[in-house]
Amino acid sequence: MEAQFKNPHALMLRYGLLSILAFIVVCPLAWLALASLRPQSEIFQPVSEFGWSTFFPSRLTFDNYRALWASDFPLAVKNSTFVAVTTVIFGIVVNALAGFAFAAFDFRGKNLLFLLVIASFMMPFEAIVLPLYVMIRAFGWANSYQALIVPEIANGMVIFLFRQFFASIPRDFYEAARVDGASWLYIFTRIAMPLSWPTIATSGLMLFLSQWDSFFWPVVAASNPDYAVVQVAIARNINFEQSDWGGLFASTNLAILLGTIPFLLVQRFYVRTLISGGIK
Amino acid sequence: MSTMNIENLRKSFGETEILRGIDLDVGDGEFVALVGPSGCGKSTLLRLIAGLEVATSGRLVIGGRDVTALPPKERDVAMVFQNYALYPHMTVRSNMGFSLKLRGAEKAEIERKVTEAADVLGLDTLLDRYPGQLSGGQRQRVATGRAIVRDPKLFLFDEPLSNLDAKLRVQMRTEIKALHQRLGNTMIYVTHDQIEAMTLADRIVVMHSGRIEQEGAPLDLYDRPANAFVGGFLGSPSMNFIKGHIRGGSVVTDDGSVLPGGEAVGGHEGRTVLWGARPESIVPATEGFSGMIEVVEPTGPDTQLLVRVAGQPLVVLLRSRTPATPGEKITMTVSPSEIHLFDADHGSRIEAKP
Ligand SMILES: Nc1ncnc2c1ncn2[C@@H]1O[C@H](COP(=O)(O)OP(=O)(O)OP(=O)(O)O)[C@@H](O)[C@H]1O
Ligand SMILES: [Mg+2]
């Protein structure tokens with residue numbers, strides 16, 4: 001390791017490769033962002049002769065965004081935000097409680113149940129869409145916020161993360177509190193949860209992003225335009241006859257930007273927990 | 001009244017029985033030390049008393065009330081953990097007031113009791129710190145403080161000093177002793193450290209694979225161990241054992257060496273025994289049994305010798321800076337009252353038959 005850092009050629013190669021990688025990742029995003037600022041007519045014009053003007057528009061315009069504002073995209077943003085935030089709130093409470101039970105209690109069938117939890121996030125969502133839809137219909141929830149929120153609250157991955165974290169808290173904490181007379185609910189809310197903010201941040205983010213990015217389920221469960229979420233609204237810009245490329249790029253761009261807000265807010269915790277595997 | 005009575009308490013984890021019938025009575029205000037080798041069930045017993053573990057069978061009575069089936073919070077016991085278990089996100093003040101707050105005590109009362117305990121333990125300037133900002137000794141004090149603000153019927157300590165360095169351990173030992181004298185609560189104290197047990201306890205309980213081997217006042221246990229296990233467990237360096245037969249008032253080993261028989265040989269002619277003598281009971285003499293010095297370890301005030309007697313290593317602790325050289329022969333003796341004889345098969349103590 002040491003020698004590698006001292007060798008200037010190795011260092012150059014390293015940063016050279018990293019720069020190329022960064023460019024490859026950023027390039028399409030930058031193109032998308034800039035394309036959304038072009039006039040409709042100009043979007044694909046410079047693509048064939050690759051050069052300076054492929055990226056930089058001759059004229060910047062906010063027309064695409066203005067058009068978006070007038071469409072039903074703001075409603076979709078509102079829907080998505082509501083759905084995602086509600087899922088985060090309920091999701092953290094429910095999954096943390098489940099994770100705590102797996103970490104702190106011994107009960108019959110615990111291992112089998114935990115295996116099922118893990119299996120649940122290994123399973124592709126497409127596999128359960130139909131039965132889930134039948135269930136939602138039976139509840140009379142088709143085309144409603146419940147349909148979008150409730151199935152997403154319990155999340156095997158998040159339960160797993162919480163269980164790992166709670167199991168890493170020394171049992172002594174729980175036991176000291178029990179000897180001092182605390183109930184399990186008190187221990188959960190006053191000791192386990194305050195210690196687990198990195199896991200809460202990570203889980204909240206995962207739940208938020210999964211809702212913000214979800215497309216398939218909303219299309220199936222809530223096709224009514226009143227309940228359209230961001231990804232569904234973006235897809236509406238594409239159809240067989242002609243596509244509103246300007247609107248598509250602008251809405252995609254906005255979805256990305258808005259989606260990164262929570263990430264920026266909790267980024268510090270997020271990185272830390274992923275690295276340490278949820279411990280401390 | 002805070003007495004504790006344990007009747008035939010048993011605990012199994014799955015198939016393995018960890019506690020195999022414990023009977024113990026602890027008087028009001030008594031300080032009892034639980035000692036025993038690692039894995040013998042000391043912590044398990046303590047956790048059963050605290051209610052953190054449920055007994056498989058038996059009865060547990062605290063302060064005259066049967067608490068066998070009660071949850072921890074209804075037992076009125078406080079426990080100090082080996083790792084202190086201070087809540088890292090709470091200040092020293094909230095840590096110490098935690099149990100009172102849980103019980104719904106008034107703010108002023110909590111504040112008064114916490115301040116009082118902090119005074120006793122010298123924590124008054126640290127009340128607003130977090131556990132992460134304290135030294136090991138300070139954390140230990142906070143853990144103790146968290147227990148004493150509750151004024152419980154029973155204090156349980158599970159090796160509370162084992163994470164401290166030797167010097168601090170001695171200091172905290174003195175503090176705990178003073179605390180016990182001042183508060184007068186009943187305390188049960190698990191430790192690995194025999195000196196701790198000997199100096200602190202009114203009574204020592206020696207455990208071994210889930211059973212109580214012997215209980216009694218520290219010096220009684222030391223002077224009259226009920227079996228070879230207790231003899232070997234208490235005391236450091238530990239008691240020497242050599243196997244032999246009683247013949248004519250002496251103990252004769254297989255290779256024919258003759259060891260002094262002591263007071264207990266009477267009436268046991270021919271019996272196979274374990275001859276036991278503490279390292280400090282063995283003194284150089286002009287007459288007695290002899291051996292070859294193998295190792296000399298000066299420890300400052302004492303000199304520790306490893307002597308080979310009857311083909312077996314014997315540790316001798318000389319209370320002086322006796323010059324000794326490896327390879328030399330040494331003649332030693334033991335005062336008859338300091339020789340212990342144990343049955344060679346089951347290890348129980350042998351007394352002279354009248
Ligand atoms: N929850 C449990 N499940 C299974 N076995 C256990 C459990 N708790 C303790 N044991 C076993 O019980 C035995 C006694 O453990 P215990 O912790 O009481 O020993 P100890 O005397 O306190 O030892 P030490 O001096 O090392 O602390 C050990 O063999 C341990 O493996
Ligand atoms: Mg232990």
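A salt bridge is a side-chain nitrogen of Lys or Arg within 4 Å of a carboxyl oxygen of Asp or Glu. By that rule, the count between chain A and chain B is 2 salt bridges. One of them joins Glu175(A) to Arg47(B), with the closest N and O atoms 2.5 Å apart.

The model is predicted, so local features need pLDDT of at least 70 and side-chain atom pairs count only at pLDDT 80 or more, while totals for chains, interfaces and linings use all residues. Residues are numbered from 1 along each chain as its sequence is written, chains are lettered from A and ligands numbered from 1 in the order in which they are written, and side-chain values use heavy atoms, leaving out hydrogens and water.

The meeting of the two chains can be described further. Contact, meaning heavy atoms within 4.5 Å, takes in 15 residues from chain A and 23 residues from chain B. Together the chains bury about 1,700 Å², of which 64% is on carbon and sulfur atoms; buried area is the accessible area (1.4 Å probe) that two parts lose on being put together, summed over both. The interface of chain A and chain B also has 5 residue pairs in polar contact (both at pLDDT 80 or more). Here a polar contact is a pair of N or O atoms within 3.5 Å; within protein, one must be able to donate a hydrogen and the other to accept it, and residues adjacent in sequence count only if both atoms are side-chain atoms.

Within chain A, an automatic or database assignment gives domain 1 (3-61) and domain 2 (65-278). Their contact takes 10 residues from domain 1 of chain A and 9 residues from domain 2 of chain A. These two domains bury about 750 Å² between them, 73% of it on carbon and sulfur atoms. No charged residues lie on the side of domain 1 of chain A that touches domain 2 of chain A, which has 8 nonpolar and 2 polar residues. In this scheme Ala, Val, Leu, Ile, Met, Phe, Trp, Tyr, Cys and Pro count as nonpolar, Asp, Glu, Lys and Arg as charged, and the others, Gly among them, as polar. Across this domain interface of chain A there are 0 salt bridges.

Finally, chain B surrounds ligand 1 with residues including Phe13(B), Lys42(B), Glu159(B) and His192(B) (a heavy atom within 4 Å). A polar side-chain atom of Ser43(B) lies 2.6 Å from an oxygen atom of ligand 1, and a backbone N or O atom of Gly39(B) lies 2.8 Å from an oxygen atom of the ligand.
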